[in-house]
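Please keep the sequence and the model in view while reading.

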Amino acid sequence: MSAKSDNETSRLDEAARAGWLYYVAGNTQDEIARKLGVSRQSAQRLVSLAVSARLIKVRVDHPIAKCMELEGELTERFNLLGCEVVPSDPDAPASMVGIAQAGAAEMERHLKSNHPKIIAIGTGRALRACVEQLPAMDCPQHRIVSLLGNMMSDGSATAYNVIIRMADRVNARHFPMPLPVFVNSHEEKALLHSQEPVHNILELARQSDVTFVGLGQMNENAQLVLDGFVTKEEAKALHRVGVVGEITSWVYDKDGKLIDGLINDRVASAPLLPDQDHPVIGIAVGEAKVDAIWGALRGRLINSLITNEVTAEMLLNK
C-alpha cells in the first residue's frame, strides 16, 4: 500500500511539474519531454493529468470584448453593483466551467481583505463549484455565515451545503445554520429562530459585508426537487402560480416578488430582502436559469451577477 501511495505521489509531482512547464513557463510538449526525460506521449499525458487532477488552475487575464459589452449592458439595464460575464463553451452552454473560476476569484478578492468581513453564503451546485476552485488561504479575520440549513425533516442532508468546505479551505470561522430547510409551520419557524444560536447566526447574516447565492429554477428539474426538499407535484403547483425561481429556498415570481404563503411560510432560511446595501452576488448559468435570474434582477434580490455570455445574451433578449 505504501509503495503504491509513493508511486502515485511521484506521478502527481511529475504531472505538476509538467503542467507548470506547459501553462506557466510556456514550454512545448517536446521541450517538456526533453526536460523531464520522458517521451512526448508521456509528457502529453502528464500535462493532461495535471489538469484532470486539478493541479493546475488557469485564469484568463485578457478581457474579451464581447463579454465586456454584455457586462456593460447588463449593468446598465439592471443597475448592478457588479457584473462578470465569462466566455461560453459552444458545446456546453450551461457548463459551470468559467463561472466557477470567476466566482472563486470574486470570493478570493474579499477573503484577501485584511479588514474583517462577514461573508454570507447560500448553497447549491454553482457555489460548491466556486468553492472547489478556491486556493488554500489563511483568513482567521473573517466570519463565514450560512443563510440556510441543509437538513430535511428526517435529518438527512444535501451534499451541496458549502460553508464547511469553504471554511476548511480558507481557515475562517464559520457559522452553519442548525436548521432544516423547511419547517412544519410558521409558528415552528418563529420558535426555532428565537433560539439564541440561531438568532445570533441570523443577525450575522443581516450584518454581512458580501453575500453569494445560487439561483434555482422552478420546474421538475429544480434543485429543490432533485435534492428531495420539494416533490415534482409541488414544483408544478408552484410554477402554475407564477414561481420562476428560488434563492436560499425562498420562491419568487417574474418580478422578483416573494410569493405569499405556500412553501415560503415554511422556509427557515435567513430573510431574503430586496435592495440590500451590500453586494449580493448571484452565480448562475444556462437557459433553464434565465427566468430565475431575470426575476431576481428585476426584484433587486441580487445586485451583482456572475454568468456566461450565452446566458447574458438570453437575459438581454427577454
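Which side chain does a polar contact join to that of Asn27? The partner is Lys35, and the contact between the two side chains spans 2.5 Å. These values come from a predicted model.

- Asn27 is located in the loop that runs between α1 (2-24) and α2 (29-36).
- Asn27 counts as buried because its relative accessibility is 7%, under the 20% cut-off.
- When neighbours within four places in sequence are left aside, Asn27 is in contact with Leu21, Tyr22, Ile32 and Lys35.

**The helix α2**
- Gln29, Ile32 and Ala33 are the buried residues of α2.
- These residues lie on the same side of α2, because they cover an arc of only 100 degrees around the axis.

**The cysteines**
- A disulfide is a covalent bond between the sulfur atoms of two cysteines.
- The structure holds 0 disulfides.
- The closest cysteine sulfur to that of Cys67 belongs to Cys83 and is 10.0 Å away, which is too far for a bond; the cut-off for a disulfide is within 2.5 Å.
- Cys83 is likewise in no disulfide, the nearest cysteine sulfur being that of Cys67.
- Cys67 is buried, at 3% relative accessibility.
- Cys83 is also buried, with a relative accessible area of 18%.

Terms used:
Residues numbered from 1 in each chain as written. Predicted model: local features only at pLDDT ≥ 70, side-chain atom pairs only at ≥ 80, totals over all residues. Heavy atoms only, no water. Helix = DSSP H or I, 4+ residues; strand = E, 2+ residues; numbered from the N terminus. Buried < 20%, exposed > 50% of the residue type's maximum accessible area, 1.4 Å probe, protein only. Polar contact = N/O pair within 3.5 Å; in protein donor to acceptor, adjacent residues only side chain to side chain. Contact = heavy atoms within 4.5 Å. Arc of directions from axis to C-beta.
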